[in-house]
Amino acid sequence: MAEKLLSKTRKLVKYLSNAIQDTGCDEEASLSIYIHLQKAASVLMNQQIKNETKCKEDDNKRVSNLSSGLVAPPQVWYRITYSSNMVVPENSNVVEQIIPIINFAVVQNQKLRIGGMLFCDVVDGRVIQVLEGERATVQALYSKIDKDKRHTDVRVLKEETVRERKYQSWGMQFAQSEADWETVVEIIRHERQKGLAREKGVTDFGTLSDDDDEPVSAVQTLGSLSGCSEEKQKASSS
């Protein structure tokens with residue numbers, strides 16, 4: 001049954017490859033196709049993680065449940081969303097670079113009691129990641145990520161303090177829930193509109209169109225997250 005479905009999937013991919021070239025798509029249609037294909041890529045990468053991990057799925061569930069059971073009484077959680085670009089050597093590809101990182105994060109983030117999700121564009125290596133946990137722990141992890149030479153252009157997009165966790169188990173996974181993809185699409189829309197604003201010479205983001213979706217109002221660059229931004233500012237000014 002699974003093989004038959006995979007055979008149909010291969011035929012569908014072949015059809016899409018031809019149809020995309022022959023069909024004139026507007027902006028909205030292009031974005032929709034792009035997101036659906038990236039969703040498929042995320043499913044495949046999540047499956048690859050499951051296949052490569054040394055722990056059985058039941059063991060992972062038991063670890064997650066145990067970690068959840070250790071959560072202290074209701075408290076305030078810290079959540080950040082950042083973006084970056086993977087550095088991909090000429091003899092490699094995006095998937096080969098990102099899979100080991102996620103494999104490590106699945107285990108390490110459980111120990112740190114950090115949850116979240118990661119979107120990775122399998123074509124150009126664009127990354128959008130959400131980290132959630134205790135403030136000091138998340139900021140310490142982000143500080144390491146910021147200095148990691150495996151990616152560039154690391155930018156914090158959003159910072160939140162919440163009372164309810166969005167990610168109910170510790171660890172890391174590729175974007176898969178509807179909420180994950182809403183986050184990804186919202187950021188992509190915002191940045192595409194921001195690029196359009198620059199092209200039109202528009203400085204007021206809200207004046208692009210009254211019909212545009214509400215931009216990501218909470219997006220902001222943090223001035224002193226773990227001291228990383230301050231260090232960069234000092235370096236650039238010196």
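This is a predicted model: local features need pLDDT of at least 70, side-chain atom pairs count only at pLDDT 80 or more; totals for chains, interfaces and linings use all residues.

Strand S1, which covers residues 77-86, is mostly covered, and strands S4 and S3 are each joined to S1 by bridges, S4 by nine and S3 by eight. The largest nonpolar core has 25 residues, and a second, separate core has 14 residues.

**Strand S1 and its partners**

- Of the ten residues in strand S1, nine are buried.
- Strand S4, made of residues 151-162, runs antiparallel to S1 and is joined to S1 by nine bridges; in this pairing Ile 80 stands opposite Glu 159 of S4.
- Strand S3, made of residues 126-133, also runs antiparallel to S1, with eight bridges joining the two, and here Arg 79 stands opposite Glu 132 of S3.

**Nonpolar cores**

- Within the largest nonpolar core, which has 25 residues, those with the most contacts inside the core are Tyr 82, Ile 98, Ile 102, Leu 118, Cys 120, Leu 131 and Phe 174.
- Two or more residues of this core come from each of the elements H2, S1, helix H4 (94-112), strand S2 (115-120), S3, helix H5 (135-147) and S4, and helix H4 gives the most, with six residues.
- A second, separate core of 14 residues includes Leu 157, Tyr 167, Trp 181 and Val 185.
- Leaving aside residues up to four places away in sequence, Phe 174 touches Ser 42, Met 45, Asn 46, Ile 49, Ile 98, Ile 99, Ile 102, Leu 118 and Cys 120.
- As general background, nonpolar side chains in soluble globular proteins tend to be buried together.

**Residues at the surface**

- Ile 20, Ile 33 and Leu 37 make a nonpolar surface patch of about 220 Å².
- Leu 37, one of the residues in that patch, lies in helix H2, which spans residues 27-52, and Leu 37 counts as partly exposed because its relative accessibility is 41%.
- Ala 136 has its place in helix H5, and this residue counts as exposed because its relative accessibility is 61%, where the cut-off for exposed is over 50%.
- Although Ala 136 and Tyr 78 are 58 residues apart in sequence, their C-alpha atoms are 8.7 Å apart in space.

Terms used:
Residues are numbered from 1 along each chain as its sequence is written. Side-chain values use heavy atoms; hydrogens and water are left out. Patches are made of residues with over 30% relative accessible area and no salt bridge: like charges are joined within 9 Å, nonpolar side chains (Val, Leu, Ile, Met, Phe, Trp, Tyr) within 5 Å. Accessible areas come from the Shrake-Rupley method with a 1.4 Å probe; for residues, only the protein chains shown count as cover. A salt bridge is a side-chain nitrogen of Lys or Arg within 4 Å of a carboxyl oxygen of Asp or Glu. Helices (H or I, at least four residues) and strands (E, at least two) are DSSP runs, numbered from the N terminus. Buried means under 20% relative accessible area, exposed over 50%, partly exposed in between (1.4 Å probe, protein chains only). Two strands pair if DSSP finds at least two bridges between them. A nonpolar core is a set of buried Ala, Val, Leu, Ile, Met, Phe, Trp, Tyr and Cys residues joined through side-chain atoms within 4.5 Å. Contact means heavy atoms within 4.5 Å.
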